[in-house]
Amino acid sequence: MASDSDFHSDFHSGHRADSRSEFLLELDDIRAGYGRAALVLRGLTVRVPAGAIVCLVGPNGAGKSTVLKVASGLLTPRSGRILVDGEDVTGSGPQRMLAAGVAHVLQGHSVFSEMTVAENVLLGGYTLRDKALLAERVAFVRDLFPVVAERWTDLAGLLSGGQQKQVEFARSLMVSPRVVLLDEPSMGLDPKATGVVFEQIVRMRDAGTAVLLVEQNARRALEAADTGCVLDLGRVHVSGPARELLADPQLGELYLGGRPARH
Ligand SMILES: Nc1ncnc2c1ncn2[C@@H]1O[C@H](COP(=O)(O)OP(=O)(O)OP(=O)(O)O)[C@@H](O)[C@H]1O
């Protein structure tokens, strides 16, 4: 298992090539919390390279959703830095973070059930003034999420939970984000729908959008992820290639709900 510094230097050499910074999104030594309550994040560092799925796992209340709120500008950190493609954007609110390329798909379901799938998806692109670009984005998300194309004119409320989640993904991709933050995408879904949602997350990554993912369903999420970070007590306790975390028996017992599955 790599220590934090080993792991980060591995990624440094692997992703140096084609971006201004080797990381699309960096949360560096973040301390954050709510009001006067004790800090939730206490010196947390997470880095998302281009073209990667990074998954945060950890016990209930470890601060996983709080990490995403900090990353999307919903919660301003007390200290630490947030960088997008090497540029310091610390203190930016959600609108500026979205403009910088960071989109947040919140926990739970957020489709408007009385609107069609098309209307839901187009809401994600309402800031796009260029009609040709809008049409291009629509074509892109319809191609990436076949169920969105198939159910385009249906009311979104008629779709299953897993299909609605894909509508949310499609909506978030309309503004061509560099990185998408996904908070518990499998929440409330049965195993089959969870499988489809994770396949779609991999397709999003393969189509060029990096993903920072938070999941209760840690084992399933790490199977889809490139990199895993285990959060505990407001810091990254261990990080490394997701398959190494999955294979570690001690981590399995402590954080992943039992022993690794035998294949
Ligand atoms: N809006 C808020 N106001 C005050 N405290 C909050 C708020 N949101 C979360 N917290 C607290 O922050 C801590 C971390 O919560 P967070 O939701 O980030 O954890 P989590 O790891 O995502 O948990 P879970 O797996 O249960 O969703 C918890 O103690 C929670 O009670």
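Modeller: Let us begin with contact: two residues are in contact if their C-beta atoms, placed from the backbone, lie within 7 Å. Axes are lines fitted to C-alpha atoms, for helices over the stretch in contact, and angles run from 0 to 180 degrees between N-to-C directions. Helices (H or I, at least four residues) and strands (E, at least two) are DSSP runs, numbered from the N terminus. With those terms, helix α2 (residues 64-71) lies across β1, β2 and β4, and runs at about 115° to β1.

This is a predicted model, in which local features need pLDDT of at least 70, side-chain atom pairs count only at pLDDT 80 or more, and totals for chains, interfaces and linings use all residues. Residues are numbered from 1 along each chain as its sequence is written.

Biologist: What makes β2 and β5 the edge strands?

Modeller: Two strands pair if DSSP finds at least two bridges between them. Four strands form an open antiparallel sheet in the order β2-β1-β4-β5, and β2 (41-49) and β5 (87-88) each pair on one side only, which makes them its edge strands. Between β1 and β4 (residues 79-84) there are five bridges in the antiparallel sense, and E26 stands opposite L83 in β4.

Biologist: Why is L213 called buried?

Modeller: A residue is buried if 20 or more other C-beta atoms lie within 10 Å of its own, exposed if 12 or fewer, and partly exposed in between, with C-beta atoms placed from the backbone. L213 has 28 other C-beta atoms within 10 Å and is therefore buried. L213 belongs to strand β8 (residues 210-214), and, leaving aside neighbours within four places in sequence, its contacts include I53, L182 and A225.

Biologist: Why is D29 called partly exposed?

Modeller: D29 has 14 other C-beta atoms within 10 Å, so it is partly exposed. D29 sits in strand β1 (residues 23-32), and its phi is near 55°, a positive value in a residue other than glycine. Most residues other than glycine have a negative phi.

Biologist: How do you know which residues surround the ligand?

Modeller: A residue is near a molecule or strand if its C-beta atom, placed from the backbone, lies within 6 Å of it. The residues around the ligand include Y34, K64 and Q216. Nonpolar covers Ala, Val, Leu, Ile, Met, Phe, Trp, Tyr, Cys and Pro, charged covers Asp, Glu, Lys and Arg, and the others, Gly among them, count as polar; the shell accordingly divides into four nonpolar, seven polar and one charged.
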